[in-house]
Amino acid sequence: MDFYESKTKLGLLAILSLAFVLLPIYIAYEMFQENSPLIGFLTVLFAIFMGWVTYLLIKKTMNTNPYVTVTDSALILYVLPDHPVHVDWHDIQDYIFYEIHNNKFIGLVLSDEEKYSQLMPKKLKKLSQMNVKMGYPMYNITWGHLKEKDRLLEELNRRTPNVSLFESVPQ
């Protein structure tokens, strides 16, 4: 059973981030014209960073892989569009809902995080380690991007009866 991200939300985020590429480029141009090279240079750096974010969002929007797949033996997370990670059901101890800056997540609490740490793509390993240091789970599902949230919750409840799932489910 596959669960997809909302392409509309991802597309809107990509358009918004593109605006954060074009506006700093214009500001940098104006700063260089007014002999403020430091501010111009800093805004160019910001534009480059936002260009990278825009590229990732566009790549994610164009991706045809599901965001989460539920099978009889595992929960498959596409942490990067072409990098699925198979998390065995028996390794999932619990789920937690949490929110960071109005972004809601389902965090997977795993019994052997070291085993799944090795499966993490190198691109995301440092970010994941920062999550763990701050007390958040290593693997997460972005709640706000999911299309069929209720159906995913039903599948999680059905496949992990030993887990006490969510006292309150975010909307």
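Colleague: What should I know before I start?

Modeller: This is a predicted model, in which local features need pLDDT of at least 70, side-chain atom pairs count only at pLDDT 80 or more, and totals for chains, interfaces and linings use all residues. Residues are numbered from 1 along each chain as its sequence is written, and side-chain values use heavy atoms, with hydrogens and water left out.

Colleague: How many helices and strands are there in the protein?

Modeller: First, the general idea. Helices (H or I, at least four residues) and strands (E, at least two) are DSSP runs, numbered from the N terminus. Here the protein has five helices and seven strands. Along the sequence the pattern reads β-α-α-β-β-β-β-β-α-α-β-α. The C-alpha atoms fill a box of roughly 65 × 30 × 30 Å, taken along the principal axes.

Colleague: At what angle do the axes of H1 and H2 cross?

Modeller: Axes are lines fitted to C-alpha atoms, for helices over the stretch in contact, and angles run from 0 to 180 degrees between N-to-C directions. Helix H1 covers residues 7–33 and helix H2 covers residues 37–62. Their axes come within 8 Å and cross at roughly 160 degrees. That makes H1 roughly antiparallel to H2. The cut-offs are these: under 35 degrees is roughly parallel, over 145 roughly antiparallel, 65 to 115 roughly perpendicular, and the rest oblique.

Colleague: Is the crossing of H1 and H2 left-handed or right-handed?

Modeller: A crossing is left-handed if the near helix is turned anticlockwise from the far one by less than a right angle, and right-handed if clockwise. The crossing of H1 and H2 is left-handed. The residues of their contact divide into 22 nonpolar, seven polar and two charged. In this scheme Ala, Val, Leu, Ile, Met, Phe, Trp, Tyr, Cys and Pro are nonpolar, Asp, Glu, Lys and Arg are charged, and the others, Gly among them, are polar.

Colleague: Now the sheets. What is the order of the open sheet of four strands?

Modeller: Two strands pair if DSSP finds at least two bridges between them. The order is S1-S2-S3-S4, with antiparallel pairing. Strand S1 (2–3) and strand S4 (83–88) stand at the edges with a single partner strand each, so one side of each has no neighbour in the sheet.

Colleague: Which bridges and hairpins involve S3?

Modeller: Strand S2 (residues 68–70) and strand S3 (residues 74–80) pair over three bridges. Val 68 stands opposite Leu 77 in S3, and Thr 69 has Ile 76 as its bridge partner. A hairpin of three residues joins S2 to S3. S3 and S4 pair over six bridges. Ala 74 has Asp 88 in S4 as its bridge partner. A hairpin joins S3 to S4 through two residues.

Colleague: Is S3 mostly covered or uncovered?

Modeller: Buried means under 20% relative accessible area, exposed over 50%, and partly exposed in between (1.4 Å probe, protein chains only). S3 is mostly covered, with five of its seven residues buried. Of the 171 residues of the protein, 39% count as buried. Glu 114 in helix H3 (residues 113–117) counts as exposed, at 52% relative accessibility.

Colleague: What is the order of the open sheet of three strands?

Modeller: That order is S5-S6-S7, again with antiparallel pairing. Strand S5 (92–100) and strand S7 (139–142) are at the edges, each with a single partner strand, so one side of each lacks a neighbour in the sheet. Neighbouring strands of this sheet are turned by 25 degrees against each other on average, direction ignored. Eight bridges join S5 to strand S6 (residues 103–110). Ile 92 stands opposite Leu 110 in S6.

Colleague: How many aromatic pairs are there?

Modeller: Rings of Phe, Tyr and Trp (its six-membered ring) pair if their centres lie within 6.5 Å; planes under 30 degrees apart are stacked, over 60 edge-to-face, and the rest tilted. The count comes to four aromatic pairs. Phe 49 and Trp 52 form a tilted pair, 6.1 Å centre to centre, with 40 degrees between the planes. Both lie in helix H2, three residues apart, about one turn of the helix. Phe 49 counts as partly exposed, at 45% relative accessibility.

Colleague: How far apart are the ring centres of Phe 97 and Trp 143?

Modeller: Their centres are 4.9 Å apart and their planes stand at 90 degrees, so the pair is edge-to-face. Phe 97 lies in strand S5 and Trp 143 in the loop between S7 and helix H5 (149–159), so the pair ties together parts that are 46 residues apart in sequence. Trp 143 is buried, with a relative accessible area of 2%. Tyr 98, Phe 105 and Tyr 136 form one aromatic cluster.
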